[in-house]
Amino acid sequence: MGKPTGFMDYERKNCDAVAPKERIKNFNEFHTPLSMKERKIQGARCMDCGVPFCQSGMMIGGMASGCPLNNLIPEWNDLLYHGNMEMALERLLKTNNFPEFTSRVCPAPCEAACTCGLNGDPTAIKENENGIIEYAYEHGLIKANPPKVRSGKKIAIIGSGPSGLAAADQLNKRGHSVTVYERSDRVGGLLMYGIPNMKLEKEYIERKVNIMKEEGVEFVVNANVGENVDAKKLMKEYDRVILCCGASNPRDIKAPGRDAKGIYFAVDYLTRTTKSLLDSGFADKQYVDVKGKNVLVIGGGDTGNDCVGTSIRLGAKSVVQLEMMPKPPLERLASNPWPEWPKVLKTDYGQEEAIAMFGNDPRIYQTTVKEFVKDAKGHVCKVICVKLEAKKDEKTGRMNMVPIPGSEYELAADYVFIAAGFLGSQDYVTKAFGVKVNQRTNVETQPGKYETNVKNVFTAGDMHRGQSLVVWAIREGREAAHAVDEHLMGYSNLQ
């Protein structure tokens with residue numbers, strides 16, 4: 001490593017964020033990048049550990065510890081520190097097809113497993129990753145590099161989210177002809193419409209997709225396979241098919257009054273907002289207008305937070321976020337030691353903005369909706385909430401959150417957004433291809449494999465493993481590409 005005492009000599013520094021009351025005036029990204037000098041100092045903090053937990057990507061306690069892509073973090077931190085940006089880029093792209101995405105939206109399990117974090121602040125890995133890739137674009141290091149030889153094999157990839165794009169990128173580099181089918185009007189899947197613009201401006205997706213097009217990947221939009229595109233025809237026309245359609249079946253809230261107007265799944269709300277923003281700057285009025293309204297978000301995860309931040313930007317009168325689980329601790333418990341993912345309280349950008357605007361954290365813990373109440377026009381006007389407590393199921397031994405009798409109370413709600421997670425793949429796609437699904441409706445394969453029960457049909461990403469992180473989707477896309485390449489050619493040199 002470049003500076004053995006760097007982790008003692010320098011403090012961690014994050015890039016500055018625009019103040020909440022200022023950044024909510026638009027949907028732009030709101031972080032100011034560090035200077036190159038500052039990034040080098042952050043690179044010097046990397047200890048180049050004997051065992052680099054940051055790149056391990058292990059599952060511990062059911063959650064990722066370290067980077068699932070096994071990024072060569074100590075190597076490119078050292079190269080960044082020494083100013084060798086071309087080599088740093090080479091090492092970064094060796095394991096990650098899309099650092100311009102992950103350096104913006106990943107929750108950074110690498111940093112949670114950083115050895116520096118044992119007795120202080122972890123290395124600013126995510127910041128450095130972003131610095132390397134953006135330097136590369138700014139200095140012309142990222143250029144289209146089409147394969148010199150084509151294999152003559154044709155592959156169809158259904159879905160252009162992170163797993164589909166990763167599989168396409170890998171297989172195209174190998175020389176296969178790849179066509180990606182996307183049901184929406186823009187390429188990117190979850191990245192395009194599931195993640196708000198202030199977390200990932202869409203120009204970065206389009207920038208990378210345009211390079212992939214120059215390299216020979218074909219994209220077909222408005223192609224909803226299983227509906228307006230025949231799945232059986234694709235299986236005949238292509239040598240292999242990879243299903244990367246995501247876990248796009250949202251979990252619902254089954255409560256009286258659910259049919260009221262003004263109740264949306266979070267993914268639909270976020271999609272309509274981003275599409276209207278991109279299409280017309282909201283002039284088309286095709287988004288859900290919550291200006292001056294009371295908004296209730298059901299779900300405490302990242303998607304719920306995105307709904308909070310989006311609603312505030314659209315001028316909501318109030319925003320409340322319900323979370324079924326208890327409030328996490330402020331620091332790690334003894335039962336949650338390093339390098340496990342820290343199960344501690346995280347106040348994300350949307351919650352920061354709600355605190356700045358309304359004076360309090362929008363989250364209410366151990367609470368769910370018991371009933372949606374409609375007004376005379378059939379529109380939701382309030383909800384009846386109930387408090388929850390943890391109780392052990394005597395049959396299964398599992399702890400479940402159950403309602404506390406007599407704890408009901410009312411909340412005003414003109415709009416409700418359900419961000420309660422996803423149940424798995426949508427059945428019109430799986431039925432169209434005839435692939436088997438498991439009890440969670442994820443496409444079934446042998447453990448650690450990507451081939452389905454249908455000949456020459458593979459799967460990857462959330463459709464395969466269930467709702468997960470973008471880094472896991474990229475890893476699955478890369479591994480599925482390796483499996484398809486090996487299936488086609490008898491061997492594979494894809495990593």
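1. Gln366 sits in the loop between S13 and strand S14 (367-374). In this predicted model, the phi of Gln366 is near 50 degrees, a positive value in a residue other than glycine.

2. Thr441 has 27% relative accessibility, so it counts as partly exposed.

3. Strand S11 (residues 294-298) and strand S12 (residues 318-323) run parallel and are joined by five bridges. Which residue of S12 is the bridge partner of Ile298? Leu322 takes that place.

4. A second open sheet is built from five strands in the order S7-S6-S5-S8-S20. Here too, the pairing is parallel. Strand S7 (218-220) and strand S20 (457-459) stand at the edges. Each has a single partner strand, so one side of each is left without a neighbour in the sheet. The twist averages 20 degrees from one strand to the next.

5. Strand S5 (residues 154-158) runs parallel to strand S6 (residues 177-181), and five bridges join them. Ala156 has Thr179 as its bridge partner in S6.

6. Helix H14 (residues 302-313) passes a length check. At 1.5 Å a residue, its 12 residues should span 16 Å; the end C-alpha atoms are 17 Å apart, which agrees. How many of the 12 residues of H14 are buried? The count is 10, and the helix is mostly covered. Among the buried residues are Asn305, Asp306, Cys307 and Arg313. Gly304 and Gly309 are also on that list. After H14 comes Gly315, with a positive phi near 90 degrees.

7. Pro339 is placed in the loop between S12 and H15. Asn336 is found in the loop between S12 and helix H15 (349-358) as well. With 5% relative accessibility, Asn336 counts as buried. Apart from its neighbours within four places in sequence, Asn336 is in contact with Trp341, Pro342 and Lys343.

8. Thr123 is another buried loop residue. Its loop lies between helix H7 (109-112) and helix H8 (125-138). The relative accessibility of Thr123 is 2%, so it counts as buried. Which residues is Thr123 in contact with, leaving aside its neighbours within four places in sequence? The list includes three cysteines, Cys46, Cys114 and Cys116. It also includes Arg12, Arg45 and Glu111. Gln42, Asn77 and Asn128 are on it too.

9. Now the whole chain. The protein chain has 18 helices and 20 strands. Its radius of gyration is 23 Å, close to the 23 Å that the globule rule gives for 495 residues, so the chain is as compact as a globular protein of that length. The C-alpha trace spans about 65 × 60 × 55 Å along its principal axes.

10. Buried residues make up 49% of the 495 residues. Of the contacts with a separation of 6 or more, 67% are between residues 24 or more positions apart. The accessible surface of the protein chain comes to about 22500 Å². Carbon and sulfur atoms account for 50% of that surface.

Conventions:
Residues are numbered from 1 along each chain as its sequence is written. This is a predicted model: local features need pLDDT of at least 70, side-chain atom pairs count only at pLDDT 80 or more; totals for chains, interfaces and linings use all residues. Side-chain values use heavy atoms; hydrogens and water are left out. Two strands pair if DSSP finds at least two bridges between them. Helices (H or I, at least four residues) and strands (E, at least two) are DSSP runs, numbered from the N terminus. Axes are lines fitted to C-alpha atoms, for helices over the stretch in contact, and angles run from 0 to 180 degrees between N-to-C directions. The radius of gyration is taken over C-alpha atoms; the globule rule is 2.2 Å times the number of residues to the power 0.38. Buried means under 20% relative accessible area, exposed over 50%, partly exposed in between (1.4 Å probe, protein chains only). Contact means heavy atoms within 4.5 Å. Accessible areas come from the Shrake-Rupley method with a 1.4 Å probe; for residues, only the protein chains shown count as cover. The expected span of a helix is 1.5 Å times one less than its number of residues.
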